[in-house]
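Colleague: I'm new to this one. Can you put it on screen and take me through it?

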Amino acid sequence: MQRIGLTGGIAAGKSVAARRFAEHGAVVIDADELARTAAAPGSAGLDAVTEAFGAGVLAADGSLDRPALAAVVFADAAARARLDAIVHPVVRRLAAEREAAAATLDAGAVVVHDIPLLVETGQADDFHVVVVVDAPALLRVERLVRLRGMTRQDAEARVAAQADDAARLAAADVVLDGSGSEDVLRAQVDVLWLRLAAERDAELAADTP
């Protein structure tokens, strides 16, 4: 099994790359999706979040009000650390379970862990290959404002809350340029997929008596 860590700053194009990996047959494990599961209604994670941040982070139906929680944690590094301490252990457990299930179905599976905070959480050494989708911070802020409807202040806070570009690039084995169109980014994933497949084939050949 080949384990790929995929990361990038918010709005850099990481989700586009993840979808393209999935189209090639990779098993994609989305940390954001797992984080939503970790704080789903009725979960111990949601109870812990509510205890830490109060009922103000709950919607009327009792589910997590993510915009309300984001307004708290992206303005306060200590609050963000408290949230991470609640959610990240659950996310890692769920990711390990999904990876084990993928390996049971196919011992040679390519598993892509889509982790926005891969560098921030010190996981870069956990993967065979770390792929970083890179785009300038200013462009990412503009995308958040234009495509996701954020205020510029909120967009800048989201970008500033993540690792800086230099830290992500230092952890990368492969860098994909996310500053252009989605088609250009998908084409880069295609090239990388072929390269990784060739490397897997060469390793298998070397291991065959």
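Predicted model: local features only at pLDDT ≥ 70, side-chain atom pairs only at ≥ 80, totals over all residues.

Colleague: What do the S and H labels stand for?

Modeller: Strands (E, at least two residues) and helices (H or I, at least four) are DSSP runs, numbered from the N terminus.

Colleague: And how do S1 and S4 pair, parallel or antiparallel?

Modeller: Parallel, over five bridges. Two strands count as paired if DSSP finds at least two bridges between them. In general, the strands of a sheet pair through backbone hydrogen bonds, either parallel or antiparallel.

Colleague: What's the strand order in the whole sheet?

Modeller: The sheet is open and has five strands in the order S2-S3-S1-S4-S5, with parallel pairing. Strand S2 (27-30) and strand S5 (174-177) are the edges, each pairing on one side only. From one strand to the next the twist averages 25°. Angles here run from 0 to 180 degrees between N-to-C directions, and axes are lines fitted to C-alpha atoms, for helices over the stretch in contact.

Colleague: How many bridges join S1 to S3?

Modeller: Five, between residues 2-8 of S1 and residues 110-114 of S3, running parallel. Along that pairing, Arg3 is opposite Val111 and Ile4 is opposite Val112.

Colleague: Is S3 buried or exposed?

Modeller: S3 is mostly covered, with five of its five residues buried. Buried means under 20% relative accessible area, exposed over 50%, and partly exposed in between (1.4 Å probe, protein chains only). Val110, Val112 and Asp114 point one way from S3, while Val111 and His113 point the other way.

Colleague: Why do you call S4 largely enclosed?

Modeller: Because five of the six residues of S4 are buried, the rest of the structure largely encloses it.

Colleague: Switching to helices. Which strands does H9 lie across?

Modeller: Helix H9 (residues 182-207) lies across S1, S3, strand S4 (129-134) and S5, and runs at about 155° to S5.

Colleague: What about H1, which of its residues are buried?

Modeller: In helix H1 (residues 14-23) they are Lys14, Val16, Ala17, Ala18 and Phe21. They pack against S1, S2, S3, S4, S5 and H9, where contact means heavy atoms within 4.5 Å. Just after H1, Gly25 has a positive phi of about 110°.

Colleague: Which residue other than glycine has a positive phi?

Modeller: Ala11 has one, near 70°. Most residues other than glycine have a negative phi. Ala11 is in the loop between S1 and H1, and it is buried, with a relative accessible area of 14%.

Colleague: New topic: what lines the second largest pocket?

Modeller: Its lining includes Met1, Gln2, Gly108, His128, Glu199 and Asp207. H9 gives the most to this lining, with five residues. The lining divides into four nonpolar, three polar and four charged residues. Ala, Val, Leu, Ile, Met, Phe, Trp, Tyr, Cys and Pro count as nonpolar, Asp, Glu, Lys and Arg as charged, and the others, Gly among them, as polar.

Colleague: And what counts as a pocket?

Modeller: On a 1 Å grid over the protein atoms alone, with a 1.4 Å probe, a pocket is an open set of points with protein on both sides within 12 Å along at least five of seven lines; lining residues have an atom within 4 Å of a point.

Colleague: You listed His128. Where is His128 placed, and is it buried or exposed?

Modeller: His128 is in the loop between S3 and S4, and it is exposed at 52% relative accessible area. Not counting residues up to four places away in sequence, His128 touches Met1, Gln2, Arg3 and Asp173.

How values were computed. Residues numbered from 1 in each chain as written. Heavy atoms only, no water.
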